[in-house]
Every structure is written in structure tokens, then in C-alpha cells.
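Here are my notes on the structure, for reading alongside the model.

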Amino acid sequence: MGVSWDDGVRIEHGKSAGNPTLVTVNCPDRIGLGCDITRVILEFGLYVTRGDFSTDGKWCYIVFWVVPSPRALRVDWESMKNRLVSECPSHLIPFCFDPKPSTSSLSSLYLLKVFCLDRKGLLHDVTKVLCELELTIQRVKVMTTPDGKVLDLFFITDGMNSLHLKGRRDETCDYLTLVLGEFCLSCELLLAGPEYEVQHSVSSLPQAIADEFFNCNSSSMAVDANITKTKKAKITVDNSLSPAHTLLQIECIDQKGLIYDILRTSKDCDIRISHGRISSTAKGCRNMDLFVQKTNKAKFFNDENLDNFCSRLTEDMLHPLRVTITSRGPDTELMVANPVESSGKGRPLVFFDVTYALKTLKLCIFSAEIVRHSTSDREWEVYRFLLDESREFPLGSKQAQSKIVDRVKRTLMGW
């Protein structure tokens, strides 16, 4: 149940074109609310230029200045406001007894079946439609037939929680049919049954591939040499400036989803951020001041939990996603992975960005799937793509494979 007055969330557009839009959230607090707010902003393809937030543990005040990213989706500002309102705890229920998850976590799972004539960029075009309709892809299975047709199975949830309505389902299929035109042979959207729920929760990543991919020394951790020169992450801990808080001063290269990554990591590590200031980007770098406490509102002094948090945060700033490409017999497989929140949610728009990068390279995707995999310290969402050989990219070439990985990484990071 969200706040019941409009001023809980305010969206004020800049006075002239190109100026940031001001997003203000003023509502009761709950653990991880900042992460949930930034997730919604990221889902709508927006970039946070700067921000301020503060909470006393009971009430929070969040201000973000946002702009559309270069590859922005069509932003429905009114719908985004409604989504932000739905994330806010209700002022009608005491904040200390408000354990309810956000409404988005309660969405039912639906199965979208799209049968098409295959062409380059098809998967991205379908993905873009789903993102614009605020449908979140939880799993996908793409299968290409020998006669040049493709069956796309998308397991989706609805950010608007309205797929139970026939009109919403018809709107989705009609829009897809319009965008795909003569390539679309059929489109069907229905509630996923229990058998699909089981498939949705099971990981199918082979252990041998997982061991290779998540090896900390693997190529998935490497980046382009030009990026490496500017890539840095520095965290300074200071207990002298506040009697009640530990100050974390963060300096790192700016990248897409950075604010979300930091707030997600603090949420997962039970680090309480009471105050935060996010500075504008300068020379490609971002500075942030976070005043943090333990869950009992005490400062950190030589605390192992804070050390673990800083270590994980540094890793997530340097390597928020992993990307690798491998020749497996006759096939060339591209894999992308990102950490999953403790709530079970994956990072927004990863599938959209990867399919966009492959479309710009004019590569065809023979098959694709999304699976979950657990390592010793966290759960990952893994995107697997089998790529078709093309005239532009003889996929057996190391140079071509490196170019694909570089383009995917740059697209994901917004560089």
C-alpha cells in the first residue's frame, strides 16, 4: 500500500530542453527504499546526474536530478510517478510494522510467445517494446528453426500489475504485431502455469561453464586497455566528522547504474545510509559522501562488516557486470552476468542493452536464455547468447570477439 497523497512523489521538469528533471520522494522510510527508488528510475532508462537523500530511520527525503540516457526508452513520467508512489511505505501504517514488500515483487509471472520470421535486430525490437510497456523480462528462451523462423518465449512480470486485464494483454500483443509488421506470425500472452514457475526458479548453467566464468582471474573481469587507465574506485573511511555516523567518501569512474549499484550493495550488506550526497560528474568521475551507521544506529570502529562492505562495494564499482565470449565447438557463446539483489531482483535493462549492442554490430542471435546461478557469496543473473556467423564478423577471429565484448561492455556501462 503506497502513500495516499500526490506530494509524496513530485516530478518537476526542467524549464528548458536539456535541463534535468527533478524527482523528489518524501515518505516514511524502510530498509532498502533508496535502492528500490533508483531501480525504478533505472528501469525507465534515466540517468541520475546528482542527488541528495536523508533519513532519520522513520522518514526519508530523496532528491534526484535525472536525464534520459542516450538510448532512452519512451519515458511515461506519469507512470513512473505511480511506480515510485507504489514503492513508498504507507503513512497510514506505522513504519516500524511495515514489512510489506513492494508491489512489484508480488507480480504474477506471465508467458509471452512470439513466433516470427527471423531477421537481424528482431530480439532487441521485441525487448524494446516490452520495456516501453513496463514489462520486466524474468527469463527468456529464444529458439531459431532451420527454415528461418524464431520462437521467443518471454517469462515476464508487469510493473503496472495489470496483465490480469484482457485489455492490457491485447495491448501488448497488438503493439508487438504493429512494430514487427509482416515478420510477426503469431503472438500469445497468458498466465504462466505451475510448470513454468518451476522452470523460472531453476538454474541450468552447467557447473564447468560456471567455474570458468566466475573465476576471478577470468577474461570476464578484464576491460579494454583504454578503459583500464581511467578505471578507479577509492573509498575513504572517516569517523571524525560526525558524532553519530561514519563517513564514507567514494570516488570512482561514472557509469550507468552506479547509484543503484551502491545502494543495492548497502541494502544487501545491511548498511544503513542516513545521509548521502551525490556530486555531478567531473572529468568522467563521480564523488559521493555517505554517512552510514550499523543497524543499531552505532558508528563503525574497526568493524569487519564495514570492511566487507567496502570490499564488495569496490568490486561492484569496478566490475558491476561480467562479460565474456567463448568458442564452444562450432558455436560462439556470449555470456553476461550481474549480481542479483537479496530480494531476488536482477539489474534492470541488461537484456535490452546487450541486444542493442548486438543489433548495432549487425549480429544475429541464434538462441538466447536467462538463468540464475549461485556462487559462494551471491546469486547472479546470467544471460547466454549463441551468435550466428556474419559477413561483418567471422566469429572465430579473436579480434572480432574482442570487439563484440568491448561494444557490449561500453553499452552496459553507458561509456
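1. Angles between axes under 35 degrees count as roughly parallel, over 145 as roughly antiparallel, 65 to 115 as roughly perpendicular, and the rest as oblique. Axes are lines fitted to C-alpha atoms, for helices over the stretch in contact, with angles from 0 to 180 degrees between N-to-C directions. In this predicted model, the axes of helix α8 (residues 258-268) and helix α9 (residues 304-318) come within 10 Å and cross at roughly 155 degrees. The two helices, α8 and α9, are therefore roughly antiparallel. Helices are DSSP runs (H or I, at least four residues), numbered from the N terminus.

2. Contact means heavy atoms within 4.5 Å. On the α8 side the residues are Leu-258, Asp-261, Ile-262, Arg-264, Thr-265 and Ser-266, and they meet Phe-309, Arg-312, Leu-313, Asp-316 and Met-317 of α9.

3. Helix α10 (residues 350-360) has eight of its 11 residues buried (under 20% relative accessible area, 1.4 Å probe, protein chains only). Among them are Phe-351, Phe-352, Asp-353 and Leu-358. Lys-362, which follows α10, has a positive phi near 60 degrees.

4. The average pLDDT (the predictor's confidence in each residue, from 0 to 100) is 85 for the chain, and 87% of the residues score at least 70. Residues 92-106 stay under 50, with 16 contacts beyond four places in sequence. Residues 222-230 also stay under 50, with nine such contacts. Where pLDDT is low, the predicted coordinates should not be read in detail.

5. Residues are numbered from 1 along each chain as its sequence is written. Local features need pLDDT of at least 70, side-chain atom pairs count only at pLDDT 80 or more, and totals for chains, interfaces and linings use all residues, while side-chain values use heavy atoms, without hydrogens and water.

Notes
Buried means under 20% relative accessible area, exposed over 50%, partly exposed in between (1.4 Å probe, protein chains only).
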